[in-house]
Protein chains: 2
Amino acid sequence: MISRRTYEAAQRLTREYLGRAGIAITEAEAAAIEVADFGLDDLDRTGLQLLVYVNNDRYCAKELVLFPGQTCPEHRHPPRGEGNPGKQETFRCRWGRVYLYVEGEPAAAPACRPPAGDEAYYTAWHEIVLNPGEQYTIPPNTRHWFQAAAEGAVVSEFSSPSDDASDIFTDPRIDRTPRVAE
Amino acid sequence: MISRRTYEAAQRLTREYLGRAGIAITEAEAAAIEVADFGLDDLDRTGLQLLVYVNNDRYCAKELVLFPGQTCPEHRHPPRGEGNPGKQETFRCRWGRVYLYVEGEPAAAPACRPPAGDEAYYTAWHEIVLNPGEQYTIPPNTRHWFQAAAEGAVVSEFSSPSDDASDIFTDPRIDRTPRVAE
């Protein structure tokens, strides 16, 4: 579990990255930035920072911030009852660069490696590179993971409604429930 | 109907405004910017520029650009069959300032006036002011219109799926079908 100090430092750094991307946020939003360590307590390697703008029963929009080289671990958004094949999401790179890996034809020479020691939990190797202004839509129930380039990345996510608790991660150690030491 | 020359000049200006907001777009997107004159051929007063990022059967995201003082005329998004109460949309100001008017308690001293001569077609007077980083969600089937401040405005719209052709405008002269003189 990450410390309150680490959590708040990551919130401040996230705000800086949003600023570099020219994205204005309110004070209330700055305080609501979520820092996800996925229960691994290793934020420099595995983590994701999120600012949810809106998440209702019809659509969701958020900003994702990745620090340099940071990885969001492999997961999928499973079906959620009749007529809901699972969350569908469109990633649009706003700043920096993000490497996205999804199920499909594996890249011959992928640009990224998973965090050392965690290789077994990274199985999707079809590579999509997103520079600012480029976007990609991930189909429902499709395994995917992503990693920022050396400068980090700011990515807008447009999607069907979001329910992080239902995400299925390849790494069984992962706990997506937001937690921070008090 | 606006001329091809006017249309393309508005596309170029839209790209400039997106740049001021720090928003990167691809060349293909620049060419796909939609200029809506609503059939009134009076773009300086009534109009809206749009760049649709994604519009599928689950969600929609786009950027809206308003030139200085430009007005998007009053309309609503009606119900569209069982279980669909009409399009719901969240406006998030990215740059500049936008005045949004929706059904509800009228502003005592609204900041905006409709385009002169068109007053009869503007009936919603509950005022919401959006500066960069501020957002508002417009319920389905609710009459609304919006106008940019003197510097113009760039607004992200996150919404349920978009079908502009089903919009109902208060002004019966309005034709939302995209048209440009060839």
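Glu157(A) forms a salt bridge with Lys62(A), and the closest N and O atoms of the two are 4.0 Å apart. This pair links distant parts of the chain, since Glu157(A) sits in strand β8 (residues 144-159) of chain A and Lys62(A) in strand β3 (residues 60-66) of chain A, 95 residues apart. A salt bridge here is a side-chain nitrogen of Lys or Arg within 4 Å of a carboxyl oxygen of Asp or Glu. Helices (H or I, at least four residues) and strands (E, at least two) are DSSP runs, numbered from the N terminus. Both Glu157(A) and Lys62(A) are buried, where buried means under 20% relative accessible area, exposed means over 50%, and partly exposed lies in between (1.4 Å probe, protein chains only).

This is a predicted model, in which local features need pLDDT of at least 70 and side-chain atom pairs count only at pLDDT 80 or more, while totals for chains, interfaces and linings use all residues. Residues are numbered from 1 along each chain as its sequence is written, chains are lettered from A and ligands numbered from 1 in the order in which they are written, and side-chain values use heavy atoms, with hydrogens and water left out.

## Salt bridges

Over all chains, the structure holds 31 salt bridges. The table lists some of them.

| Pair | Closest N and O atoms |
|---|---|
| Glu16(A) and Arg20(A) | 3.0 Å |
| Glu8(B) and Arg4(B) | 3.9 Å |
| Arg92(A) and Glu29(B) | 2.7 Å |

Glu16(A) and Arg20(A) both belong to helix α1 (residues 4-20) of chain A, where they are four residues apart, about one turn of the helix. Glu16(A) is partly exposed, with a relative accessible area of 43%, and Arg20(A) also counts as partly exposed, at 42% relative accessibility. In chain B, Glu8(B) and Arg4(B) are separated by about one helical turn, because they are four residues apart in helix α1 (residues 4-20) of that chain. Glu8(B) has a relative accessible area of 34% and is partly exposed, as is Arg4(B), with 31%. Salt bridges that share partners join Glu34(A), Lys62(A), Lys87(A), Glu89(A), Glu157(A), Asp164(A) and Arg176(A) into one network.

## Cysteines

If a disulfide is a pair of cysteine sulfur atoms within 2.5 Å, the count over all chains comes to zero. Cys60(A) is in no disulfide, and the nearest cysteine sulfur, that of Cys72(A), is 14 Å away. Cys60(A) is buried, with a relative accessible area of 3%. Cys72(A) is likewise in no disulfide, the nearest cysteine sulfur being that of Cys112(A), 13 Å away, and Cys72(A) counts as buried at 2% relative accessibility.

## Where the two chains meet

The size of an interface is often given as the accessible area lost when the parts come together. Chain B and chain A bury about 2,200 Å² between them, with 45% of it on carbon and sulfur atoms; this buried area is the accessible area (1.4 Å probe) that two parts lose on being put together, summed over both. In terms of residues, 32 of chain B are in contact with 32 of chain A, contact meaning heavy atoms within 4.5 Å.

Across this interface the rule finds four salt bridges. It also finds 18 residue pairs in polar contact (both at pLDDT 80 or more). A polar contact is a pair of N or O atoms within 3.5 Å; within protein, one must be able to donate a hydrogen and the other to accept it, and residues adjacent in sequence count only if both atoms are side-chain atoms. On the side of chain B that touches chain A, β5(B) gives the most, with four residues.

Gln135(A), found in strand β7 (residues 135-138) of chain A, counts as partly exposed at 25% relative accessibility. Leaving aside neighbours within four places in sequence, Gln135(A) is in contact with residues of both chains, including Arg92(A), Glu29(B) and Tyr53(B). A polar contact of 2.9 Å joins the side chains of Gln135(A) and Arg92(A), while the side chain of Gln135(A) reaches the backbone oxygen of Tyr53(B) at 2.6 Å.

## A buried aspartate in a loop

Asp118(A) lies in the loop between β5 (89-102) and β6 (126-130) of chain A, and it is buried, with a relative accessible area of 8%. Its side chain makes a polar contact of 3.1 Å with the side chain of Arg173(A). Not counting residues up to four places away in sequence, Asp118(A) touches Arg45(A), Thr46(A) and Arg173(A).
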